[in-house]
Every structure is written in structure tokens, then in C-alpha cells.
Amino acid sequence: MTVMWMLQTFLKDFFRVVNGLLKTALGPPSGSTTTLSQAQDMTFRHESVKCLVSIIKSMGAWMDQQLRLGDSYLPKSSESDTTENHLTLNGEDGTVSDYELHPEVNSEFSDAATLEQRRAYKIELQKGITLFNRKPSKGVDFLISSKKIAGSPEAVASFLKNTSGLNETVIGDYLGEREEFSLKVMHAYVDSFNFKGMHFGEAIRFFLRGFRLPGEAQKIDRIMEKFAERYCKCNPSSFTSADTAYVLAYSVIMLNTDAHNNMVKDKMTKADFIRNNRGIDDGKDLPEEYLGSLYDQIVKNEIKMSDESSAPQSKQATSFNRLLGLDGILNLVTGKQTEEKALGANGLLIRHIQEQFKAKSGKSESVYHAVTDVAILRFMAEVCWGPMLAAFSVTLDQSDDRLATSQCLQGCRHAVHVTAVMGLQTQRDAFVTSMAKFTYLHCAADMKQKNVDAVKAIIAIAIEDGNYLQEAWEHILTCLSRIEHLQLLGEGAPPDASFLTASNAETEEKSPKPMGFPNLKRKGTLQNPAVVAVVRGGSYDSTTVGPNTSGLVTPEQINHFISNLNLLDQIGNFELNHVFAHSQRLNSEAIVAFVKALCKVSMSELQSPTDPRVFSLTKLVEIAHYNMNRIRLVWSRIWNVLSDFFVSVGLSENLSVAIFVMDSLRQLAMKFLEREELANYNFQNEFLRPFVIVMQKSSSTEIKELIVRCISQMVLSRVRNVKSGWKSVFMVFTAAAADERKNVVLLAFETMEKIVREYFPHITETETMTFTDCVRCLITFTNSRFNSDVSLNAIAFLRFCAVKLADGGLVCNEKSKDLSNSVVDMDASDTQSSIDKDDHASFWVPLLTGLSKLTSDPRSAIRKSSLEVLFNILKDHGHLFSRPFWTVVFDSVVCPIFTCVSDKRDMQIEDDECSPASRSPHSEGSTWDSETSVVAAQCLVDLFVSFFDVVRSHLPAVVSILTGFIRSSVQGPASTGVAALMRLASDLGSRLSQDEWRDIFLALKEAAISSVPAFMKVLRSMDKIEVPDNAQSYTDLETSSDHILTNDDLEDDNLQTAQYVVSRLKSHIAMQLLVVQVVTDLCKTHLESLSVDNIAILRDIFSFISSHAQQLNSERILQKELPIVCSILELSEPPLVHFENESLQNYLDFLKKLLADNSSLSEEMNIEAELVAVCQKILQIYLNCTGSHSAQVNSADRPMLHCIISLGSAKKEELVARTSLVLSALWALTGLERDSFRRYVSQFFPLLVDLVQSEHSSGEVQRVLSNMFQSCIGPIIME
């Protein structure tokens, strides 16, 4: 309590002093009386201000002194430090053990003849080691020139790793150098480690045991960047990218310093460590268990970076994070902001003061106690900043005395310094804002010398205290922007808008440009809106010309404005540019704040509707160049800010501004691509992402063309440097390929073509997944509707990509590097598993599925080309696929190709179930033409036959596809299906199992049966149609031509329905006949090898189709109405008789072949009885055609009288058509064995009798009947 009371008392006294000085500085209140003269009053006021300035200045000086004392323990790298340690080698005399030398050394030793030579060699090697410990580059050069080590980076790396006596600190410094050879040595050094299977903490501990991290952040960055790449290469599934390992490595180093440094009081907890590393895995969190385990490892077991004694190490470690900037860097990674708090906790400060009082408690009260903790300044600044700000502001505003205003500006500078360093953001911003307003740059017509001095003070603050300004940068950069604007106006330079818009540019070309101040007045500038706006002035926060700026200003105002502009000559371009150039010296957090503020100022400049400006935009490009060499963590955060800015402005409605911004982005990207990116990193992709976003979202053709040109220029000129950037490149070209503007598509494909043809190896050099991006881009180009050549070329490139993938071109380089650089040789089985073909299934799938989808393209040439390329790829490289992957290929690639056929059939069935009146007979057809169907079916059969042993499980799917062709309502695809199925059976006949034959036959049976129900529904629709009879039978209609039926005899709806039914009937008959043809052909070639079950399925197919044909011929509609309809529509009649004849003929032949070739099987299946039944059916159909009826006996057992009616022309034609069938049936019966004939003769004898009595179109029937009666029936009767 005593201490708190004393502190409060001190602050109250301090506040009273400052407040008293404020009252003196402000002078007596208005209306009060004073005995002082005006001169005395001004002197008092100035002295009070001077006193306040001295107070704040002394506070700042003491603060700087204390902070410098705190930095005195920072580790320093000196020659004495590097040479003191590790000069003693193994043994007291500093010799090097033989086994520690290089293989080259050992070989040279083996050639040494004498001990003296060996001793001389060791002395020379020791000389090189000593030289290395003093000057590492010279030491390496000496050892190479004296042939103690080879000149390759790998040899030097091995020397550094395996040789004793080298100073580990010097090794770290040498590895961190950016010279080309040192960089290669560092890469070889890191690549010599094998981190496979190691936990991340153990890996970094193993890595750092041989050297000490250098003291320069840039050097550490290069080493840790390579370490992260190597760790991810050894453990590909550990993190999303090497960026994660890179950030985590920094976090681990910071944790190690924090946990094992005794000077750190507030230790980082496990929760803090987990929170600090949120979102580092490509925006996702690493598992808390993983981070917790890593935390425990580091806290329990310190990572020791050298074998140096612990005393100097702990002293150096006190400020290790501050030296490297890790504290600020990690804040950037996790997105934290600097908290507004004192440098030390209040409780610690109070305890410290209390201890001092206890130590002095026995002494006199007049003793002063010295405070060393700068945190006390925070309390002092909090109580004095308000009075000081008031005193300085009022004096600056009211006084024109140069000395007084200079004192006030100096006081403001010191106040900004103290409040900024102490983290008092509100107070800092108040002083900076006050000074920015006092510059009067927003109303230049009222400027005076003191305002110009304020501008100079603002610039000085930016240079001196830039690391602490944070959000206050926006005020300072706004002032710099306004200075540049005023200078341009004074010089008479054209506004930036004239360079952004074509119309303004043309105007400028026609009129002379005003130059200098005299021109500003003479050339009619009184009407210039920009000048008028500046002369009239505005508020400090105004960024655009307000609505009240119309009207002219007086010449006097212009003259006064010009004279004020002359004052600004005191501030040259050097001072302005120095602020931006100095950004290189800002710390990690400060540079990010600087860029954020500059983006805000630039946005306000560019968004001006009347006078857009590009000053801050050009400065953004400049400072990006200045700071591009910062470590990756910092540069990533800078680019996050810049990226959002470029995207926002790139999508601006002001096209000229957007174009300028995209070109600025191109300049930055070109510069950035000069830097080499290691494998597994993603920063190039992030850097180019603004191009992708703007390309995808912009609606401007000009912007899209510009982006395509920019990307093309960057890639083609820096192709060897592009690594992760390929992903963004292909995303840009993919967006261009899908664009609706022809120029954009063709421009992008031109570059894409060059990349694939000439630079394909670079695409997958470090990241194989970019192959998939390339494929997706090409697939998008194949869908381009502007130019078929583009699509065809893209398809050809896809085949090229498949060849590269099959040849292993995606991973060979990476694997060879891994294997050659590994310290531990990989086991042979590991090598084999690493190149397993199925590992690349993810690369094959998008390529194959893309081509698969392309087969449904409406353009015939594209369909055919994609089909051929797809199946050629599968046929050429299918041997690389495993059985599981073939399943994927059939399910997602092959089968979807033919869905158009099945979808069309399903659609047809659905339509059949609805009213057919809504269907046109010409609406049938597939997405494919006949040529495409033929190509597809042939390719499918070729592929299946080629890889039958691997893909035979997919036979049902293939057969289903081919029968789908057969069921098509279009003749072309149906014939294609028949040919393909026959070829499949022909090529695989002997290799097919009985179960596989069963699958084929069941598919054919399903094809024949499934279409019948829907078709019969279509046929029933004819019942609703009233066909004109005209009191004539169909027979009469045949013989009479007096009445000709026309379309007028049927209503339109009925006409359409009838037309559709006729069309469907013809296609249905054709499909059924194709099934019969396929089954018949298969029987001819493979019947002997088929099982009983499969033969039974074939018999069912013949039986069903023949029965269905007979059913159709017995339909009343088809017998009576349909011929009339066909006559009205002038259509040929459906071949019903041919259908019935063919189905029965093939059925009969099938049974005859079975009976003749396999008697035992025929007996088992009762084929003879079925044959007789079919023959009876044929004879009965023939007799029905002749008009005869089988002999019947009446109740009185007297034969009935038959009357034979003369046949019409149509019936005679039908009789002729059926003659061959009835002859086949008679011969089949005649061919029965005698016992069989005797057994069945009673069943068909009445039919034979009727045949004898019937009229025939050919005498052949009578001759066959005569032969049957003589040779078969006669002997039976005679018995």
C-alpha cells in the first residue's frame, strides 16, 4: 500500500507540474487581467512550451538509454569468438583422426608411402580447418585448391558434416550465406539428412546438432526453408505443404528459447503454443495432440545448437528472439497484433520499487531512488500527454513565431516517440493526427512556413519511429500523397486520369501541356476543377472533390496558392522517396502495418470518381521490390495484404484503373519469379492467386486478355523458375478456356500449346499434382465451342499427357534425387512400392473421365476423336492398371460413355407408356450418329478382348452396353450392336466360361422381352382410332381401286398416332429380328460347347420371339386397320409375315440342329416333342393363310362339306412368303425317326389332310406331301 501511495503521489506531483506549464503556455484566460506586458507574456508562454519539450525529450532520452542497456547482452559475432572455440581437435596436439577424414582422404592415405607424407597431409588439413574457422569461404577455397576435398557442393557439405574441429557457429554462418556456391553447399548439407519416419521435434533436433544457427534472420530463413522442404520430401504425408513445416520450425525455435532461458519469467504454456500455431497448415489446424506432443518434447529436452558452455549461451539466449525478430514474426504468422501494454507488468514494477524501498529503509528520506524499469514512463506519459498535446497544438495554431512553432513540433516528435515505443496507441495516434492536420495539406491555400515545418516533422517521425507507428502510418502516408498531388499541380503536370483514360490522353495530345507556376496561372487553370478544389480547401478527412467546388476562384486566391506551393519546394522528391526506401529497415510487424496503410491510401486515391491517382499504387510496387528479400514468413504476410488490394482494385468498375493495377501486379510477379522456390512450397501459387481471382470474377474482356498476356509472358520468360505457380497458371488458363469470348480462348490456348509442347517436364518437376491441373485445363479447352481445331489439339495433348504419365515422367526426377541424396539406402521393396502404378490412379482418373464426358459432345469430329484417343490410351497403357483400378475405369469412364444409348432407350420406354400422340415418328435418334456408334462399339470390344483376363468380371456390363445398342430404335446402332456382340463372342468364344455365356444369353433374352410390354401399350392406342371402313372388307379393298383413301379420312391427332404406331412397329420388329440373328449365329459356332442350362435359355429366346410374332400377326388391328392406315399414310406395311416366318424358321433350325447333333441332350430336353409342336404351329399358320380349316367330325360322324374360296392378291403373296417355312416343317417331320414319327403322327395327320385339300402357290408343297405319305405314312398304314 505504501508503494502504491508513493507512486500515485509522484504521478500527481508530476501532473501538477505539467498542467501548470500548460496553463502558462496557454496564457491568461480571456477577460482576465495581468500585470505582464505582452512581450513578457509571450516569453513566459514560450518558456513554458520549451520546458514541456524538455520534459518529454528527457523522458525519451532516458527511455532510449534504458532500452539500449537491455540490448547490450545481444550475442555478437566476432573473430575472437569464432576462433576461441573448437580450435582443439581430437587429442591434445590438435590432430584429426583418420576415420574422420573423407573417403578421398582415405584413398590418398592409402597411396601415401611414408608416415611423413601422412603427417604433412594432416598439417595442411589442419591449416584449412583453422582458416575456415576464421574465414569460412577462404577456408573452403583453400581446401579445394589443395585437393583436400573435392570441389562439388556435396563434397563440401560432407566435409562440414563429418569433420571434427570446425567451429559450429562458423558452419552455421557459412551455410546461411546467399552466394551461389554456399547456397548449393547448404542444399547438399540438408539433403544429406534422412528424416523419414522422424517426429518433427526429433528431426529438427537431429538437424541442429552439427552447427549453430547464425545470428542473422535472413540466414536462418534460408536454412529453415530448406529444412522444411527436406522434411516434407522425406515425409510426404506429414503436412499439406512445406510452408507448414517452415512456420512450425520457427515456432519450435522460439519455444526452445522461451522454455530454456532463465531470464524469461512468463513461460509459454502448452495452450499458448497450440494457439500460436492455429491455421498454419494451409488454413487448417494441426491436431492438438500432435502440437502438445511436440511441446512436451521441446520443454523436457532442450534443443542444444552447439556444445559450447552453458554460461555464455544463457547470456546470449536472453535476447535471442529479439535478435532474430522471432517474436514479431510469429505474431505475423498467427495474425496477432501488438497489445497495448507496458513493457513490464504493473505488478512486477511495483514489486521492484518495493524491494528498492526495503533495501533503503534504514536511510534518510532525502535519498533519491533511481528507477531502471522503463515501464514507469507509461504512467508518466498517460498523465502528461493531454496537457502537452493541448499546449503544443494551441501554440502551433496561434503563433507564427518560427522558434515557438519549431519547439512545439520538436515536442510533438518526442511525444510520438515515447508513446509509440511504450505502446500507447491512442496517445500516439492523437499526436500524429494533430501534426497531420496542422500540415494544412488539405487546404494548401492557407499554408504557412510553420505548416511546411510540420510536414518536415511528419517525415522525420516516419524515418525515426517507423517501427512503432502501426495504424498511424495511414495519416503520414496520406500527407505524402497530398504533397505529391500539390507538387504535380504546381508543375502543371497533367493529372493521373489523363494516363488512365484514352479520351483524356487524346485531349492532352491536342493541347500544349502547362509547365511551371506561371503556366498554372496563364493557361486557364482558373477553370481546372482540381486546382479549384485545392484552392477552396476541404476538411482533413476529405479525399475527393466535394460538391461545393463548382465556380471560379479569384486571381488573388490563385496567386496566394502559388506562393504557398513555392513553400513546398523545401520538400523535394528525395525526402518523399526516402520514407518509402527506408521501409527496408522497418521490422517485421512494422512493414506489414506500413503496407496496410499504403493500401488504404492507394484505395482512396484510385476510387476518386473525378481525379483518380496512382501515386500510392506505384509506391506499393516500389516498396514490394524493396522488401522482396525479407524472410518468407514476413513476405507472406505482406503479400496477403497486397493480394487483397490487387484483387479489389482489379475488379474495379474503372477499367483504366483495373488495367493499371494488373500491369503493376505483373511487374511484381515478374520480379518475384526470379527467386527460386523449393519443392513442396506454395508461395508462388499464393503470389499469382490475384490473377486467378480477377480472371474468374471480372466481366471485362480487356482485363481478361491482359491477364492472359501477363501470365503468358511471365511463364514463358521464367519457365524454369515456376514451381507451385503452375497451379495458378493453369487456373487462369482454365478460366480463359471457359470464357465466352473467342479472343480470350485462342490467346490462352496459344500459350497452353507452347507449354505442353516445349516445357512439359517443368510442369511436374517439383509437384506432381500440377499434372492434374494441366489435364483439367486441357479438358476445358476441349469443350471450347469457338474453334474445333482448339478442341482437337487439346485432345491430342491429353494423349501426350497420358504417354508422359505412363512413362513415369511425373515422378522419376523427384525419386532419383531422393534416392541419390539419401544417407540411408532404401530397401528394394520400399523402392518397388514407391513406384506402384496404382499410386498414380488419382492422375489417371481426371484425364480419362474428362475424355469420357467429351464423347457426348454435339460435334461429331470431337466425339470421334475423343473416343479414339480414350480407348487408345486405355489399350496402350491398360497393362499398368490393377484389377481394382480397372473397376474404377469401367464404372466412371467406360460405362458412362454409353449412357446416351441407354438413356435414349429408357426415355423411349417412358414416352411409350404415355400418349404416343405427342411423339413424332421422326423424333427418334440417338445423340450419336451411326459412325460414332460403330467406333464406340468397336473400341469397347477391342479393349475388352485385349485385357479380358483382367476385366472379365465386367462382361455383364459390356454385354449390357452392346444389347443396349441392339434395343435401339434406330437401325444403325442396332446393327452395330449385333456386329460388336458377334465379334466379342467370336474372339472370346473358347475363353468364356458357362457362367459368362449365361450372362450373354440372359442379356439377349432380357433385350427381347423387356421391350414388349411398352410396345403392346403403343399398339393398344390404335383401338382409339376410327379407321374408315366404307362397307368394304380389307379383301375387297385389295381388289377394288374405285375408292382411294387419303389423309383427310383421319383426324390430325389420329393421323399422328397411327404414324407413330407404324414407325414403332417397324423398329420393334427389326430389333426382335436382330436378337434372333445374334442367337442363331451364336448357335452355329458355339452350340456344341454350351451347357444344358444355356441351351435352355436359347430355346426360351426362340420360343418367346416366335410366339410374340404369332401374337402380332393374330392382332385384329394389324390384320384389318393397319393396312388401311398404311394406305392412307402412303407408308409401306410393317413386315409382320417376314417377322413370323424368320422367327419360326430359326426356331425350327435350332431344334433340328439340336436333334441331329446331340441325341442324348435332345432326349433330356424333350426336343423331339417341341420340334413336332413347332411344326404343327407352322402348318396351322399356313392353313389359316389358305383359308382352310382342319378336318372335323360332327356329332353324326359325318364329314362336313368344305368350300374353298378363291384367295385375294394379298393372301396369295402371303402364301408365297410362307411356302418355304411350311416346306421346312414338312421336311423336319419327314426327317423324324420311324418310331418317333409313328408316335407323333396322330397329332399332325389332320393338318396334312387339310394341306392336301388346300390351294398352294407352289407345286413343291404337293411333292413334299406326296413324299411324306409315301415314305412315312404309307408304311405305317401298311403295317
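Relative accessible area is divided here into buried (under 20%), exposed (over 50%) and partly exposed (in between), computed with a 1.4 Å probe on protein chains only. The views show a predicted model, in which local features need pLDDT of at least 70 and side-chain atom pairs count only at pLDDT 80 or more, whereas totals for chains, interfaces and linings use all residues. Residues are numbered from 1 along each chain as its sequence is written, and side-chain values use heavy atoms, with hydrogens and water left out.

**View 1. Overview of the protein chain.** The chain contains 60 helices and zero strands, these elements being DSSP runs numbered from the N terminus (H or I of at least four residues for helices, E of at least two for strands). Of its 1279 residues, 51% count as buried. Among contacts (heavy atoms within 4.5 Å) with a sequence separation of 6 or more, 77% involve residues 24 or more positions apart.

**View 2. Tyr-440 in the loop between helix 21 and helix 22.** The loop that holds Tyr-440 runs between helix 21 (425–438) and helix 22 (449–464). Tyr-440 is not a glycine, yet its phi is positive, at about 60°. Most residues other than glycine have a negative phi. With a relative accessible area of 26%, Tyr-440 is classed as partly exposed.

View 3. At a relative accessible area of 66%, Lys-147 is exposed. The C-alpha atom of Lys-138 is separated by 8.7 Å from that of Gly-128, a residue ten places away along the chain.

**View 4. The meeting of helix 10 and helix 14.** The axes of helix 10 (residues 200–208) and helix 14 (residues 288–300) come within 9 Å and cross at roughly 35°; axes are lines fitted to C-alpha atoms, for helices over the stretch in contact, and angles run from 0 to 180 degrees between N-to-C directions. From helix 10, Phe-200, Gly-201, Glu-202 and Arg-205 meet Tyr-290, Leu-294, Gln-297 and Ile-298 of helix 14. By class, this contact has four nonpolar, two polar and two charged residues, where Ala, Val, Leu, Ile, Met, Phe, Trp, Tyr, Cys and Pro count as nonpolar, Asp, Glu, Lys and Arg as charged, and the others, Gly among them, as polar.

**View 5. Aromatic rings around Phe-200 and Phe-580.** Rings of Phe, Tyr and Trp (its six-membered ring) pair if their centres lie within 6.5 Å, and planes under 30 degrees apart count as stacked, over 60 as edge-to-face and the rest as tilted. A search of the whole structure finds 51 such aromatic pairs. One of them joins Phe-200 and Tyr-231 edge-to-face, with 5.2 Å centre to centre and 85° between the planes. Phe-200 lies in helix 10 and Tyr-231 in helix 11 (residues 217–234), so this pair ties together parts that are 31 residues apart in sequence. Phe-200 is buried at a relative accessible area of 0%, and Tyr-231 is buried at 3%. Phe-580 and Phe-594 also form an edge-to-face pair, at 6.1 Å centre to centre and 70° between the planes. Since Phe-580 is in helix 29 and Phe-594 in helix 30, the pair ties together parts 14 residues apart in sequence; both Phe-580 and Phe-594 are buried.

**View 6. An aromatic cluster and a charge over Phe-193.** One cluster includes Tyr-189, Phe-193, Phe-195, Phe-200, Phe-206, Phe-207, Tyr-231 and Tyr-290. Lys-161 lies over the face of Phe-193, at 3.9 Å from the ring centre, a charge being counted as over a ring if NZ of Lys or CZ of Arg is within 6 Å of the ring centre and within 35 degrees of the ring normal.

**View 7. Helix 31 and the helices that cover it.** Helix 31 (residues 615–626) has twelve residues and reaches 17 Å from its first C-alpha to its last, close to the 16 Å expected, the expected span being 1.5 Å times one less than the number of residues. Its buried residues include Phe-615, Leu-617, Leu-620, Val-621 and Ala-624. Among the elements covering the buried residues of helix 31 are helix 23 (473–491), helix 29 (573–581), helix 30 (588–606), helix 32 (632–650) and helix 33 (655–672).
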